[in-house]
Amino acid sequence: MELKFTDEELAFRKEVRAFIDKNLPKALRDRLAAGHHATRDDIVFWQKTLNAHGWGVPHWPVEFGGTGWSAVKQYIFQEEMMMAPSPPPLAFGITMVGPVIATFGNAAQKAHYLPRIANLDDWWCQGFSEPGAGSDLASLKTRAVKNGDHYIVNGQKTWTTLGQYADWIFCLVRTDPTVKQQLGISFLLIDMKTPGITVKPIQTIDGGHEVNEVFFDDVKVPVENLVGEENKGWDYAKFLLGNERTGIARIGISKQRIRRIKELAAIEQRGGRPLIEDQRFREKVAAVEIELKALEITQLRVIAAEARRAKGKPDPASSVLKIKGSELQQATTELLMEVIGPHAAPYAPEDDHGSNEPPIGPEWAETIAPTYFNTRKVSIYGGSNEIQKNIIAKAVLGL
């Protein structure tokens with residue numbers, strides 16, 4: 001594997017940076033760089049801006065709006081967007097349900113949903129986890145019973161991120177309770193305006209509202225909203241989760257956070273001098289940076305191997321990215337806490353979007369603690385790290 005980027009790839013990185021400088025408003029960029037969370041309107045604005053330029057869904061097939069970029073260019077694009085920082089894409093549409101529809105959906109579904117997902121005309125959320133069915137997702141109990149040209153859906157989903165904004169939810173539902181758990185699951189697209197759907201907020205430990213419970217009571221879903229074949233939903237879910245875990249390392253976010261740690265450590269005083277001059281603290285930062293560089297190389301190896309993999313088959317090595325990426329995200333917030341020390345004690349409520357990211361400025365100290373607490377979740381969502389270790393043991397190491 002070639003560890004250096006080519007001249008063409010370096011030129012592409014400059015092109016992406018120039019695009020961001022030209023099109024991302026300074027006020028928005030400064031607010032995000034200060035650590036504030038992107039609002040719903042921020043995310044919609046930036047996705048429409050990217051899509052108008054032909055960059056809205058770079059990893060999709062060209063016929064559905066993709067760019068045809070190599071996997072390395074896609075990686076560079078994602079990293080630059082995170083480091084800018086720019087508003088994050090709505091992963092539930094762009095990264096999750098969009099590729100599932102593009103790969104397994106019928107012609108009518110592709111024609112209707114994909115352009116709207118690419119332009120963020122519809123806000124999507126994910127209906128996978130349930131009470132008692134999180135990491136053990138195959139034990140889900142939400143039922144969908146076929147009745148003529150509709151399914152009748154009953155059950156509950158939980159930890160539904162940003163479901164309070166959603167127009168649509170993609171759901172795993174049990175359509176055959178008589179077979180092995182993984183064999184009786186289907187993948188449905190459900191309009192959130194359908195009668196019988198109730199969304200209730202869950203307040204997280206950081207005080208934010210980003211996750212929800214979603215209840216389905218005799219919800220009628222047209223049969224035409226089934227993706228692929230009935231009872232094949234587990235296969236589509238594995239494909240979706242493989243895509244999610246490949247990008248879940250969030251290297252760009254960790255790099256941007258390390259940059260912020262250094263900025264704050266240059267301000268914060270310890271013993272009459274900036275914390276950044278303390279040898280032990282510098283060693284801690286350097287250790288995280290070394291591990292981050294190792295993770296970056298590992299992600300590039302996974303990306304390079306994608307071209308050799310069978311279509312629709314997720315790489316089990318992506319579980320390594322999920323584990324280490326979440327550990328480093330947590331490590332960077334631990335360093336932030338160390339920078340501010342006892343100043344972390346004051347608690348600041350979230351902003352209107354349920355923000356859990358701190359700003360840099362006079363008020364930065366009082367909001368870093370909520371970020372620290374919120375980041376404990378990253379080793380759980382997308383498949384808990386314990387489950388990912390089992391996947392590595394079986395699928396990678398053959399144990």
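Buried residues, defined as those under 20% relative accessible area (1.4 Å probe, protein chains only), account for 49% of the 399 residues in the protein chain. The model is predicted, so that local features need pLDDT of at least 70 and side-chain atom pairs count only at pLDDT 80 or more, while totals for chains, interfaces and linings use all residues. Residues are numbered from 1 along each chain as its sequence is written, and side-chain values use heavy atoms, with hydrogens and water left out.

The protein chain contains twelve helices and nine strands, taken as DSSP runs (helices: H or I, at least four residues; strands: E, at least two) and numbered from the N terminus. Of the contacts (heavy atoms within 4.5 Å) between residues at least 6 apart in sequence, 73% join residues at least 24 apart.

Ser 139 is located in the loop between β1 (124–127) and β2 (143–147). Ser 139 counts as buried because its relative accessibility is 10%. Its side chain reaches the backbone oxygen of Asp 136 at 2.7 Å. When residues up to four places away in sequence are not counted, Ser 139 touches Gly 132, Ala 133, Arg 174 and Gln 181.

Leu 397, by contrast, lies in the segment after α12 (385–396). With a relative accessibility of 55%, Leu 397 counts as exposed, a class that requires over 50%.

Note on methods
Polar contact = N/O pair within 3.5 Å; in protein donor to acceptor, adjacent residues only side chain to side chain.
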